[in-house]
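Student: I have some questions about how terms are applied here. Can we take them one by one?

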Amino acid sequence: MTLNRRQFVAGTSALLAVPAIGRAATPPKTIEARSGLARIAPDSYPETEIWGYDGGVPGPEIRARQGETVRRTLLNSLPQPTAIHWHGLRVPNNMDGVPGLTQEAVQKGDKFQYDLPLKDAGTFWYHSHNQSTEQVARGLYGAFIVDETNPPDRDHDITVLLDDWRLGQDAQIVDDFGSIHDWTHAGRMGNYVHAHVSPITEVLTNQRLRLRLVNVATDRIMYVSVRGANGKLIAYDGMPVTQPEDFETLVFGPAQRVDLVVDVTSDVGEAVQIILHERDEAFVIAELPVSRRGTTVARGTIEALPPNPVSVLKDVSDALTVPLVMEGGAMGGLRQGSYKGQVMSTDELVREGQIWTFNGIAGLPKNPLASVSRGDVVRIQIKNDTVFPHAMHLHGTHFQEVLADGSLGPLRDTILVDRIETREIAFVADNPGDWLFHCHMLSHQAAGMKTWLSVV
Ligand code: C2O
Ligand code: CU
């Protein structure tokens with residue numbers, strides 16, 4: 001087609017209207033933190049009053065493609081200040097959503113714009129990072145899925161958020177968020193584990209499913225298996241494994257994720273089930289009924305996903321080694337600790353709601369655990385001198401575990417360190433800024449377990 005003069009003129013002026021840099025930016029969408037009602041308990045109970053993004057639990061699933069930039073303006077309509085952390089995304093430091101470290105908390109009625117360039121594909125999530133023991137327990141979280149440029153072969157892509165609610169007989173949230181008993185022990189355990197599963201129309205026999213499991217509970221470790229489908233584990237905490245792995249019962253510390261690719265082995269009338277294992281019991285927490293017969297053509301082998309553009313460690317011989325000793329909690333024998341620059345006895349600490357220490361310090365210290373230069377290899381030796389497990393989460397970058405034989409584990413952003421156990425992690429500090437490092441049992445975090453790293 002040849003352009004006539006009018007079309008040509010219209011064309012150029014339209015071009016001139018476009019800002020000089022790149023495509024016209026779409027205005028950021030608003031995400032409102034506010035109260036709402038959600039169906040959590042079974043139908044015979046009333047709905048639960050929650051706090052949620054856009055008033056729902058979970059908040060809207062954010063979905064975009066690797067390489068894109070997601071923009072969201074947080075509007076705070078809660079009775080408390082808040083902020084959003086984009087868990088596992090390697091974002092610029094000032095977008096990380098940590099009040100007191102990377103931004104001011106957003107006051108009631110105020111807004112904050114988050115611009116999130118998506119470097120990595122995978123399963124991530126977002127949640128409140130202010131008074132999070134309460135705000136996450138009330139429902140302020142959602143899934144954040146970044147699609148690969150060429151997503152792997154599958155019929156359904158299903159997000160399963162595993163949550164833990166403490167509900168009264170009226171199905172309302174019990175508002176005992178500051179319970180010292182919870183904080184000194186394993187955290188605030190609910191009485192109702194619930195799975196939010198993305199709505200899918202129907203599952204057929206032999207279909208291939210990608211399951212993205214996320215533990216969004218504030219404190220509960222979950223033991224989960226899948227029945228009625230067979231396959232492989234393809235990613236931990238959003239990062240692909242180099243070789244798909246067999247799996248049985250999966251252990252999820254708070255905030256941990258796993259991606260599975262499984263083929264349906266259940267028959268029509270049966271279901272694919274997500275099972276929660278608690279002590280010696282097994283509970284079905286989610287079911288995908290198989291409604292019809294699908295094709296019987298055998299599926300191809302489950303391939304590894306392409307790696308994300310992360311600096312993978314080669315060896316850790318030149319690493320800067322940083323010790324981190326965890327102490328405190330019930331039966332921990334903590335004698336004293338420093339809090340806000342003052343040395344206090346255990347009784348004084350408890351009066352401040354501080355029960356756990358990292359290297360003798362409770363709460364966010366004035367100085368970082370370590371100050372390193374961009375590109376340094378950092379190795380943190382996490383020694384758990386308490387009688388509780390802790391789910392340590394590093395912001396801003398994924399790490400690899402240094403295993404006993406010196407080999408390196410898969411990339412993760414949260415590691416579950418068992419009682420009286422020492423584990424080591426290492427990473428390339430390639431994301432500049434101040435990054436929080438804390439226990440993702442949010443009660444433990446509130447009661448002291450947090451520190452930070454400075455990368456300059
Ligand atoms: Cu998912 Cu510091 O948090
Ligand atoms: Cu902990």
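Student: What area do domain 1 and domain 2 bury between them?

Tutor: This is a predicted model. In it, the two domains bury about 3,000 Å² between them, and 61% of that is on carbon and sulfur atoms. Asn-93, Leu-101 and Trp-183 supply 20% of the area that domain 1 buries against domain 2, more than any other three residues.

Student: Where do the domains run?

Tutor: The domain assignment gives 2–292 for domain 1 and 320–455 for domain 2. Their C-alpha centres lie 25 Å apart. In contact are 39 residues of domain 1 and 39 residues of domain 2.

Student: Why is the pairing of Asp-413 and Arg-257 called a salt bridge?

Tutor: The N to O distance between their side chains is 2.9 Å. The cut-off is 4 Å, from a side-chain nitrogen of Lys or Arg to a carboxyl oxygen of Asp or Glu, so the pair qualifies. Between domain 1 and domain 2 the count is two salt bridges. The count of residue pairs in polar contact is 23.

Student: Are His-390 and Cys-439 buried or exposed?

Tutor: Both are buried. That places each under 20% relative accessible area.

Terms used:
Residues numbered from 1 in each chain as written. Chains lettered and ligands numbered in written order. Predicted model: local features only at pLDDT ≥ 70, side-chain atom pairs only at ≥ 80, totals over all residues. Heavy atoms only, no water. Buried < 20%, exposed > 50% of the residue type's maximum accessible area, 1.4 Å probe, protein only. Domains from an automatic or database assignment. Contact = heavy atoms within 4.5 Å. Buried area = accessible area lost by both parts, 1.4 Å probe. Polar contact = N/O pair within 3.5 Å; in protein donor to acceptor, adjacent residues only side chain to side chain.
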